[in-house]
Amino acid sequence: MRHVLTILVLSTLGVVTLHAQQAHNAARNEKASNSYAVLRNYEDSLSLLYNKVYQQNDVSALSTDFVETVLPYQSFRLFSPLTFYGGIAKGIFDLPSNAPDNQLQTQGTNYLGPKFTDTALLGVYLKRPELVLNRETELQTIAPEAKTTPVVIKSNAGLAEKATQVPVDPESGPIKVVITKPNFWTFKGDYYLQFLQNYVSGNWYKGGESNYSMVGAVTIQLNYNNKQKLKLDNKLELKLGFITTPSDSLHSLKSSEDLIRYTSKLGLQASKRWYYTLQLVAYTQFLRGYKNNSSMVSSDFMSPFNSNLSLGMDYNVDWLKGKLKGSIHLAPIAYNFRYVNRLALSPRYGLDANKHTLHDLGSEFTVDLMWKIADPISWQTRLYGYTTYRRAEVEWENTFTFQFNKFISSKLFIYPRFDDGSARDSKHGYLQLREFISVGFSYTM
């Protein structure tokens, strides 16, 4: 009996639950159907309103700009929260001749009747006043109406006509072709003029004498390199200096530096840095040279004149990341020619008495380097050696330059020389030395 009652109760609850669920689903379907009906009615109303506007206002008579810009601007009141505008009734019931411009819809001078938005809103005010939520006065209190003119935006989304492109042929005519010949020549120049002043009082404990000196030099280089196999280097060095000599009773001014030297090298590339080279070195001086308190000439122009022609190989030096550059010339075959114009000076320079010329063969080497030690400091050195295996000449020129700026520099020049072909000195033997320090103007191209 208990089980029968339980089954009856459960059956009754299931039937009630089923009816409740069906009722809920039916209510939900009805609500959805009502929402769809409202949406459909709203769309139909908009469609009817649109057709009514075109029928009442004869839109075909309106301009395209007015239909596309002014009518949409006027309809904003229909889609904003319903508000009671006091001027709507006045604008509708006024006579056409007295209707204000902002309440009438015109095209040219033709009156087209009241605005369609005003007619629609007046119908709402009369039939459904409970839907009106605001008043115009309340809106003006919150945000006063700005007296502005609606901006008319013109749009033309039509497709532009595609213009036919006509190919334009370039103007026919002769074309000027300019061929520039590469320039394999380079020019470089180095110039300086420097002075030195030395003052010694008469009672200086070590003795000595005051003097002034100056030295000027010009170095010109003209080189050819075709970047393939052939190169030609030419260098002309001119140097002349003077010094005052108060202790010399015969000469108040003598030359301290006097040099004319020309160096030419013709090279044929053998490898990246080695060249087969034919080198010519020729040098002499400008002026006569004298010893202190002596009227005898020690040297003169073309007395002596030396030229050396050698055949060997050159090595191009490019070390220390480009800071040390130059060349090393090694020549196992060298011909040396010496000429002395003054016969009295021939024995002094290794020639036989009463002879002007000397010819001999031997070997020669030249080391010519420039080392930029730092930005303001550089060292230029030239080591030259020639030997006939009976006599030898070795010259080592060293110039240290201290560059203060572009035009001012100081130079230290040290020049030792060995020549056992000249007359032997009782004190120094075959070793000779020259040195000076100067400060002055310099310029490099």
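## Close-up views of a predicted model

**View 1. A salt bridge joins R434 and E257.** R434 forms a salt bridge with E257, and the closest N and O atoms are 3.5 Å apart. This model is predicted. R434 belongs to strand 18 (residues 431–444) and E257 to strand 8 (residues 253–269), so the pair ties together parts that are 177 residues apart in sequence. The two partners differ in cover. R434 is partly exposed, with a relative accessible area of 36%. E257 counts as buried, at 5% relative accessibility.

**View 2. K235 reaches D368 across the sequence.** The closest N and O atoms of this salt bridge between K235 and D368 are 2.8 Å apart. K235 is in strand 7 (residues 230–244) and D368 is in strand 14 (residues 357–371), so the bridge ties together parts that are 133 residues apart in sequence. K235 is buried, with a relative accessible area of 14%. The structure holds 17 salt bridges.

View 3. The closest N and O atoms of R338 and E393 lie 2.5 Å apart. The pair links distant parts of the chain, with R338 in strand 13 (residues 324–339) and E393 in strand 16 (residues 392–403), 55 residues apart. Both R338 and E393 are buried. Salt bridges that share partners join E237, R261, R338, D360, R382, R391, E393, E395, E397, R417 and D419 into one network.

View 4. Strand 16 pairs with strand 17 (residues 408–419) in the antiparallel sense, over nine bridges. These two strands form a hairpin, with four residues between them. Q403 stands opposite S409 of strand 17. Strand 17 also pairs with strand 18 in the antiparallel sense, here over eleven bridges. F418 stands opposite L431 of strand 18. In a regular strand, side chains alternate between the two faces of the sheet.

View 5. The structure holds ten aromatic pairs. In the pair of F184 and Y224, the ring centres are 5.9 Å apart and the planes stand at 85°, an edge-to-face arrangement. F184 sits in the loop between helix 6 (136–142) and strand 5 (185–198), while Y224 sits in strand 6 (residues 211–225), so the pair links distant parts of the chain, 40 residues apart. F184 is partly exposed, with a relative accessible area of 28%. Ring pairs link F184, W185 and Y224 into a cluster.

**View 6. W379 stacks with F400.** What do the ring centres and planes of W379 and F400 show? The centres are 5.7 Å apart and the planes are at 5°, so the pair is stacked. F400 is partly exposed, with a relative accessible area of 24%.

**View 7. Two lysines sit over aromatic rings.** The charged end of K231 sits over the ring of Y275, 4.4 Å from its centre. The charged end of K239 sits over the ring of F413, also 4.4 Å from the ring centre.

**View 8. L266 and its surroundings.** L266 lies in strand 8. L266 is partly exposed, with a relative accessible area of 40%. Which residues does L266 contact, leaving aside its neighbours within four places in sequence? They are L230, K231, L232, Y276, T277 and L278. From C-alpha to C-alpha, L266 and Y276 are 8.2 Å apart in space and ten residues apart in sequence.

**View 9. The whole chain, for orientation.** The protein chain has six helices and 18 strands. Of its 445 residues, 30% count as buried. The accessible surface of the chain comes to about 30700 Å², and 61% of that surface belongs to carbon and sulfur atoms. Among contacts with a separation of 6 or more, 55% are between residues 24 or more positions apart.

Key
Residues numbered from 1 in each chain as written. Predicted model: local features only at pLDDT ≥ 70, side-chain atom pairs only at ≥ 80, totals over all residues. Heavy atoms only, no water. Buried < 20%, exposed > 50% of the residue type's maximum accessible area, 1.4 Å probe, protein only. Contact = heavy atoms within 4.5 Å. Areas by Shrake-Rupley, 256 points an atom, 1.4 Å probe, with all protein chains shown as cover. Salt bridge = Lys/Arg side-chain N within 4 Å of Asp/Glu carboxyl O. Pairing = 2+ DSSP bridges. Phe/Tyr/Trp six-rings, centres within 6.5 Å; stacked < 30°, edge-to-face > 60°. Lys NZ or Arg CZ within 6 Å of the ring centre and 35° of its normal.
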